Amino acid sequence: QVQLVESGGGSVQAGGSLRLSCAASGYTNIRYCMGWFRQAPGKGREGVAVIYTAGGGTYVADSVKGRFTTSQDNAKKTLYLQMNSLKPEDTAMYYCAADLCSLVRAVPAPSDFRYWGQGTQVSVSS
């Protein structure tokens with residue numbers, strides 16, 4: 001069973017930075033893709049960034065492009081989300097997700113992923 005555990009959330013002022021981590025366990029299939037979604041109060045869950053393994057590139061949402069970067073340490077099975085120049089509108093619960101890359105679309109949707117972490121809160125004050 002795939003398990004995902006996020007860490008690194010917190011409260012920062014606008015313009016600050018945070019780095020989220022997602023430790024994965026329970027799978028050895030390198031064809032798994034991993035990514036980040038977020039959900040603000042009263043809103044739907046939206047894709048932030050996804051890494052398509054085996055040279056498939058990276059998806060980054062327009063709303064965070066140029067500010068957020070995702071990376072992966074395959075040896076540690078850990079996914080990272082470096083968030084710079086944070087804005088109040090980035091405030092949300094951030095979730096890590098994983099599934100077979102063959103199930104993940106070019107513009108990823110929450111329904112593309114079966115495995116989710118518990119989430120970590122990011123709060124940005126103005």
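In this predicted model, a disulfide joins Cys-33 to Cys-101, with the sulfur atoms 2.0 Å apart. The torsion about the S-S bond of Cys-33 and Cys-101 is about 110°, so this disulfide is right-handed. Cys-33 lies in strand E4 (residues 32-39). Cys-101 sits in the loop between E9 and strand E10 (115-116). The pair therefore ties together parts that are 68 residues apart in sequence. Both Cys-33 and Cys-101 are buried.

A search of the whole structure finds two disulfides. The other links Cys-22 to Cys-96, again with an S to S distance of 2.0 Å. About its S-S bond the torsion is about -75°, so the disulfide of Cys-22 and Cys-96 is left-handed. Cys-22 belongs to strand E3 (residues 18-25), and Cys-96 to strand E9 (residues 92-100). Parts of the chain 74 residues apart in sequence are therefore tied together by this pair. Cys-22 and Cys-96 are both buried. With bonded cysteines counted along the chain, the disulfides follow the pattern 1-3, 2-4. In general, a disulfide is a covalent bond between the sulfur atoms of two cysteines.

The secondary structure comes to zero helices and 11 strands. From the N terminus on, the elements run β-β-β-β-β-β-β-β-β-β-β. The radius of gyration is 14 Å, close to the 14 Å that the globule rule gives for 126 residues, so the protein is as compact as a globular protein of that length. Along the principal axes, the C-alpha trace spans about 40 × 25 × 25 Å.

Four of the strands form an open sheet. Their order is E1-E3-E8-E7, and the pairing is antiparallel. Strand E1 (3-7) and strand E7 (68-73) are the edge strands, and each pairs on one side only. From one strand to the next, the twist averages 15°. Strands of a sheet pair through backbone hydrogen bonds, either parallel or antiparallel. Between E7 and strand E8 (residues 78-83), the antiparallel pairing runs over six bridges. Thr-69 has its bridge partner in E8, namely Gln-82.

Is Gly-16 buried or exposed? Its relative accessible area is 19%, so Gly-16 counts as buried, the cut-off being under 20%. Residues up to four places away in sequence aside, Gly-16 touches Met-83, Asn-84, Ser-85 and Leu-86. Met-83 falls within strand E8, which covers residues 78-83. The C-alpha atoms of Gly-16 and Lys-87 are separated by 8.3 Å, although the two residues are 71 apart along the chain.

Totals for the protein complete the picture. Of its 126 residues, 47% count as buried. Among contacts between residues at least 6 apart in sequence, 59% join residues at least 24 apart. The protein exposes about 6300 Å². Carbon and sulfur atoms supply 50% of that area.

Methods: Residues are numbered from 1 along each chain as its sequence is written. This is a predicted model: local features need pLDDT of at least 70, side-chain atom pairs count only at pLDDT 80 or more; totals for chains, interfaces and linings use all residues. Side-chain values use heavy atoms; hydrogens and water are left out. Two strands pair if DSSP finds at least two bridges between them. Helices (H or I, at least four residues) and strands (E, at least two) are DSSP runs, numbered from the N terminus. Axes are lines fitted to C-alpha atoms, for helices over the stretch in contact, and angles run from 0 to 180 degrees between N-to-C directions. A disulfide is a pair of cysteine sulfur atoms within 2.5 Å. Buried means under 20% relative accessible area, exposed over 50%, partly exposed in between (1.4 Å probe, protein chains only). Contact means heavy atoms within 4.5 Å. The radius of gyration is taken over C-alpha atoms; the globule rule is 2.2 Å times the number of residues to the power 0.38. Accessible areas come from the Shrake-Rupley method with a 1.4 Å probe; for residues, only the protein chains shown count as cover.
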